[in-house]
Amino acid sequence: MPRRENQAVRVLTARFKPGDKTVFHTHRSAVPYILEGAFTLELEGRAPVVVKAGQAFVEPPKVKMTGYNRSTTEPLRLVIFYVSDPDTPFLDLLN
């Protein structure tokens with residue numbers, strides 16, 4: 001997590017329908033906590049990680065990633081804790 005005198009802590013929620021996925025992106029500091037379902041994170045250069053309801057995962061800074069709800073029937077709900085300098089974008093889009 002960043003450690004500076006002036007930081008912001010944002011708490012965001014997200015819902016994924018069965019089969020939904022995120023865009024290809026990076027974060028500076030994000031911790032998703034899964035409320036319902038299972039979230040599959042594909043991190044560049046690493047094995048996929050499945051985070052299930054009741055679990056959290058620290059997403060490494062500046063690592064290219066995408067996330068999926070691999071279920072064909074169950075929704076996914078999560079809350080994301082994001083610590084950063086004020087006015088920092090939540091994510092950086094990649095091509």
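Trainee: In what order do the elements of the chain run from the N terminus on?

Mentor: They run β-β-β-β-β-β-β-β. That is 0 helices and 8 strands. Helices (H or I, at least four residues) and strands (E, at least two) are DSSP runs, numbered from the N terminus. This is a predicted model, where local features need pLDDT of at least 70, side-chain atom pairs count only at pLDDT 80 or more, and totals for chains, interfaces and linings use all residues. Residues are numbered from 1 along each chain as its sequence is written, and side-chain values use heavy atoms, with hydrogens and water left out.

Trainee: New topic. What does strand 4 pair with?

Mentor: Strand 4 (residues 38-43) pairs with strand 5 (residues 49-52), antiparallel, over 4 bridges. Strand 4 also runs antiparallel to strand 6 (residues 65-68), again with 4 bridges. Two strands pair if DSSP finds at least two bridges between them.

Trainee: Which residues face each other there?

Mentor: T40 has V50 in strand 5 as its bridge partner. L43 stands opposite M65 in strand 6.

Trainee: And what sits between strand 4 and strand 5?

Mentor: The two form a hairpin with 5 residues between them. G45 in the turn has a positive phi of about 80 degrees.

Trainee: Where is F90?

Mentor: F90 is in the loop between strand 7 (76-84) and strand 8 (92-93).

Trainee: What does F90 touch beyond its neighbours within four places in sequence?

Mentor: R10, L12, H27, I80 and Y82. Contact means heavy atoms within 4.5 Å.

Trainee: Why is F90 called partly exposed?

Mentor: Because its relative accessible area is 23%. Buried means under 20%, exposed over 50%, partly exposed in between (1.4 Å probe, protein chains only).

Trainee: What about V11, buried or exposed?

Mentor: Exposed, because its relative accessibility is 51%. V11 lies in strand 1.

Trainee: How much of the chain is buried?

Mentor: Buried residues make up 35% of the 95 residues.
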